[in-house]
Protein chains: 2
Amino acid sequence: MRIGDLAKRAGTTTRTLRFYESQGLLTARRASNGYREYNDDDFRLVKEIQTLQSFGFSLDDTRPFVDCLRSGHEAGDDCVDSIETYQRKLAEVDACLTRLDEVRSNLVSKLTEALARQPNPCEVGDRIATGLDDTTSEPVNAAPRHR
Amino acid sequence: MRIGDLAKRAGTTTRTLRFYESQGLLTARRASNGYREYNDDDFRLVKEIQTLQSFGFSLDDTRPFVDCLRSGHEAGDDCVDSIETYQRKLAEVDACLTRLDEVRSNLVSKLTEALARQPNPCEVGDRIATGLDDTTSEPVNAAPRHR
DNA sequence: ATAGACCTTGACGCTCACGTCAAGGCAAGG
DNA sequence: CCTTGCCTTGACGTGAGCGTCAAGGTCTAT
């Protein structure tokens, strides 16, 4: 499989695959003409990277998983370093959630106060609708209702 | 007040204030020698920007508030555009919270499965502790308990 | 007069994950 | 032979919000 084929299969670009290689995440056998040659393991590796990226992992964060796969493990998270990375990222996500909750409540306060100061909060309909519904707490698993 | 004084008062740097000016957020009277001169209104403006930035606003998002203040309003959010910006940012925060919730639950799943696949999940203590406690849902207003 | 502390503009650096040329080599079909 | 389509390396651009010199002007104290 050449780089264009792998890119197509993985839904990415050749530039991205070469970039992964430059970062030491992906290595390629070379054909006699200098072209990169990939196999199915490489495809799985790219998929692993993409999955982790969708969780907000940086490329550097995916390294333990890549190393794990390349050392022969069936799954990228069959290694201690990968699990520790999961734990660290989970803590980061929790911290981010906490922070966002604070921001959200600050925003709601500000918005409420600003609306209260608005001169005629009744002639709405056109530009200002409160944008506030009864969900005082954050939208645990629901997107904000769209009007 | 010169730029260094304002920077010190606002807890920022002269570079930042000049950058704000380059972005059209802050304007300064010039003294005869070319030095920038600021007043208390400018200080409040910088403070407004800092507050909004702490909510995750980009500099561009602060523009309505800055314009509002400069047009003579007492508060930066005494204008319709500012309120609409609040509403837009609130929606963004909600979307981000929703997304992070998904990521978190995916991460927890992955971590749980990976731990279940680990050979000896009992000889812990050294490197692997589960990092999972009974909070299955996100940490609504509590930071993750540190061990 | 000179050192030191301020100020000025200008310009490059940084992070991250690539996008986007540029200039050229390789292989197959017509 | 020529076009077409793939491939190669290299290098600059992107966005956000500044940090960090560089080279020089200004003001104050000694």
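Q: What pattern does chain A follow when read along the sequence?
A: In this predicted model, chain A runs α-α-β-β-α-α-α along its sequence, which comes to five helices and two strands.

Q: What makes a residue of chain A count as buried, and what share of the chain is buried?
A: A residue is called buried because 20 or more other C-beta atoms lie within 10 Å of its own, and in chain A, with its 147 residues, 26% are buried.

Q: How do the residues of the surface near DNA strand C divide into nonpolar, polar and charged?
A: Eight of these residues are polar, six are charged and four are nonpolar.

Q: Why should residues 141-147 of chain A be read with care?
A: On the predictor's scale from 0 to 100, pLDDT stays under 50 over residues 141-147 of chain A, although the model has nine contacts for them beyond four places in sequence. Where pLDDT is low, the predicted coordinates should not be read in detail.

Q: What is the mean pLDDT of chain A, and what does the model score overall?
A: The mean pLDDT of chain A is 88, with 81% of its residues at 70 or more, while the model scores ipTM 0.82 and pTM 0.83.

Notes. Residues are numbered from 1 along each chain as its sequence is written. Chains are lettered from A and ligands numbered from 1 in the order in which they are written. This is a predicted model: local features need pLDDT of at least 70, side-chain atom pairs count only at pLDDT 80 or more; totals for chains, interfaces and linings use all residues. Two residues are in contact if their C-beta atoms, placed from the backbone, lie within 7 Å. Helices (H or I, at least four residues) and strands (E, at least two) are DSSP runs, numbered from the N terminus. A residue is buried if 20 or more other C-beta atoms lie within 10 Å of its own, exposed if 12 or fewer, and partly exposed in between; C-beta atoms are placed from the backbone. Ala, Val, Leu, Ile, Met, Phe, Trp, Tyr, Cys and Pro count as nonpolar, Asp, Glu, Lys and Arg as charged, and the others, Gly among them, as polar.
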